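I am starting a notebook on this structure. The entries below follow the order in which I looked things up.

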Amino acid sequence: MLKIKNINTYYGQVYALKNVSLHLKEGEIVTLIGANGAGKTTLLNSLSCIVPVQSGEILFAGESISNLAPSQIVRLGISQVPEGRQVFKPLSVEDNLELGAYQHYSSRAGRAEAKNTASMIYDLFPILHKRRKQLAGTLSGGEQQMLSIGRALMAKPKLLLLDEPSMGLAPMIVQEIFRVIENLSQEKQTTVLLVEQNARAALKMAHRGYVLETGKMILEGTAAELLQNKDVQRAYLGRDKKEIWER
Amino acid sequence: MNIWDQTHECMSRDELEQLQLERLQATINRVHKNVTHYRKKFAQPGIIPEDIRSLSDLTKLPFTTKEDLRINYPYGMFAVPLREVVRIHSSSGTTSKPIVVGYTKNDLRIWSNLVARFMTAAGVTSDDLVQIAFSYGLFTGAFGIHYGAEVIGASVIPMGTGNTEKQIMIMQDYKTTVLVSTPSYALELAGRISQAGIDPQTLSLRFGLFGGEPWSEKMRREIESRLHLSATDNYGLSEVIGPGIAGECQCKNGMHVYEDSFIPEIINPQTGEVLPAGAEGELVLTTLTKEAFPMIRYRTGDITSLDYSPCACGRTQVRMQRIVRRSDDMLIIRGINVYPSQIEEAIVSVAQGEAPYQIVVERKGAMDSLEIIIEVTSKIFSLELQKQRSFLEELKKRIGSVTGIGVSVKLVEANSLPKTENKTSRVVDKRQI
């Protein structure tokens, strides 16, 4: 459903993505792993058109979507859960969710649908329902992350981009969030592109993965293959120290 | 008809090309980072990994040849530290030094599944008993098929080569259903079975997977009628992975190349120019999933052609025709690759100098034999009597240890080898396949 060919992205002078190609099939969970500064977030931002892509091709359901406005991307069915949650802290949980569906608010039908979607999200994260009148800024980190995911789901995306959903959260909460992501994929057939520092957890859940290193793709494979790969184990699973054989 | 890996074997061209591009770019990035040889080779035409933007950009990269592997002997072409390698195999080099190849854990798993693809395509299931009459050891053939059969869940009989009587006994008593061997050995077995007065119909054989040497449709018909099995061809070479590069389905009309793991190209062996689909030329392979020993545009030396038309079996991957001939002087003797240069090296070192020689390959019955005829030179003539006597023995031993095959050696008078235009042809291949 998503096909990226050779995208190159710059941040000013910094060459952040070098010839990156990637694809996602419908219903797949694909994880993107890599060290800090490898270009993972840049890749998500390029997909959402938050940063402009210099060259290359991004096809979503067969249509080119490179360099559209971010709002158009959301309308096409791609929602991003940004790194560090980025909820609107002075607004209530309810309002935060509503903002996720703001593009549907112009029509009566859209408003009705948003209500339905919201109740579905409350089913997914019951704690949000309990706190729906509370200001988002008063929520715990895990709750804010749930809210952030919920807000993205309000637009009923076909493709969900998740940027470090486990960052700074307690292991129990991470488990809960990953369980929800897995459910979304299995029950709602939402396609997920997951960027994670927690490579082990991400690979356990994902079908396939890519490894990004200093802006370049260096590996593509099934999650099982990547878990077995020594480069991945060394760099991202914290096993085995780096020691190159010398001639 | 069963398909082992439906997702990959039946991919649409469009999906396949996306996957190939991703894997190609990742492979190029990895070899550029980890293998000095490739970094240097790419730098000559001034190529950086970012120049590879499409599958057709692959043609910008230089070829990898057997010579490159020789220079980087033993571990220079490895893309991972040696401690991550869990298996080492080797294959014939052009000199007395072999080519060393390595596999990581993942490589072994991927390899097994590739082999399982053509075994499944040939008809093998978990109910089968697979008798492997390939040589275990440094060669990749036996182990590759062994793993493939195990992944499928078939029972493996790791028989190894030779001992034909025991092979036949096991085949009868253990009720072998699948025979894996070289096609010429299958004929040898068929001959011995009928000699022993055994009716091949009483055997349980259902399928035969033959590879390791060139064969023909005529041989296929002969094997099938004499052993009462369905015979399929498969293709592989150790430098690239071993068996598991391509294999026939039951349509028996070309071998499907596993394009999600290997990109095949056909080139003109003289000019290196890439030829259009369907043309006959030398097969060049690039690996897409290998970790320890990736290969970029490896010149296989095998002459074939590619057929992109759809196959009745439902697999979408391109089919390569059976190997017609070699683009170099490599000989395949009983499934073992032999370079005349290896033999020449042995002769020069034992004869302590150049000696005119001729290599004669013949097929006696079903099996190949190799004879080396050497003209007596003054050097050999003047050897001490003792040494002269042991000369032939010594040469036989040396050639045997370098090439891995038994040969016979014969001395003839000086200037008695037939000459055309003042040159002795070094290799005479009398085989009719």
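**Entry: a helix pair in chain A**

I looked up helix α3 (residues 93–100) of chain A and α6(A), whose axes come within 7 Å and cross at roughly 35 degrees. Axes here are lines fitted to C-alpha atoms, for helices over the stretch in contact, and angles run from 0 to 180 degrees between N-to-C directions. Helices (H or I, at least four residues) and strands (E, at least two) are DSSP runs, numbered from the N terminus. I noted the crossing of α3(A) and α6(A) as right-handed. A crossing is right-handed if the near helix is turned clockwise from the far one by less than a right angle, and left-handed if anticlockwise.

From α3(A), the residues Val93(A), Asn96(A), Leu97(A), Leu99(A) and Gly100(A) meet Leu147(A), Gly150(A), Arg151(A) and Ala152(A) of α6(A). Contact means that the C-beta atoms of two residues, placed from the backbone, lie within 7 Å. By class, I listed five nonpolar, three polar and one charged residue in the contact of α3(A) with α6(A). Ala, Val, Leu, Ile, Met, Phe, Trp, Tyr, Cys and Pro count as nonpolar, Asp, Glu, Lys and Arg as charged, and the others, Gly among them, as polar.

**Entry: ground rules**

I recorded that this is a predicted model, where local features need pLDDT of at least 70, side-chain atom pairs count only at pLDDT 80 or more, and totals for chains, interfaces and linings use all residues. Residues are numbered from 1 along each chain as its sequence is written, while chains are lettered from A and ligands numbered from 1 in the order in which they are written.

**Entry: the sheet of chain A**

I found an open sheet of six strands in chain A, ordered β6-β7-β8-β3-β9-β10, with mixed pairing. Two strands pair if DSSP finds at least two bridges between them. Which strands stand at the edges? They are β6 (78–81) and β10 (216–222) of chain A, each with a single partner strand, so one side of each has no neighbour in the sheet. From one strand to the next, the twist averages 15 degrees.

Within this sheet I checked strand β3 (residues 29–33) and strand β8 (residues 191–195) of chain A, which pair in the parallel sense over four bridges. Ile29(A) has Val192(A) in β8(A) as its bridge partner.

I then looked at the helices on the sheet. Helix α1 (residues 40–47) of chain A lies across β3, β6, β7 (159–163), β8 and β9 (208–213) of chain A, and runs at about 150 degrees to β7(A). Helix α6 (residues 141–153) of chain A packs on the sheet as well, touching β6 and β7 of chain A, and its direction makes about 170 degrees with that of β6(A).

I placed Arg85(A) in the loop between β6 and α3 of chain A.

**Entry: a helix pair in chain B**

I turned to helix α5 (residues 105–122) and helix α6 (residues 140–152) of chain B, whose axes come within 7 Å and cross at roughly 75 degrees. α5(B) and α6(B) are therefore roughly perpendicular to each other, a term used for angles of 65 to 115 degrees. Among the residues making the contact are Trp111(B) and Met119(B) of α5(B), and Ile145(B) and Tyr147(B) of α6(B). I noted the classes in the contact of α5(B) with α6(B) as ten nonpolar, five polar and no charged.

**Entry: the sheet of chain B**

I found four strands of chain B in an open sheet, in the order β10-β11-β12-β15, with antiparallel pairing. Strand β12 (residues 298–304) of chain B and β15(B) pair in the antiparallel sense over two bridges. Asp302(B) stands opposite Arg326(B) in β15(B).

I also logged a cis peptide bond joining Tyr73(B) and Pro74(B), with omega about -5 degrees. Pro74(B) sits in the loop between α4 (66–71) and β1 (87–91) of chain B.

**Entry: domains of chain B**

The domain assignment of chain B gives domain 1 (1–328) and domain 2 (333–429); such bounds come from an automatic or database domain assignment. I noted 31 Å between the centres of domain 1 and domain 2 of chain B, taken over C-alpha atoms.

Terms used: Parallel < 35°, antiparallel > 145°, perpendicular 65-115°, else oblique.
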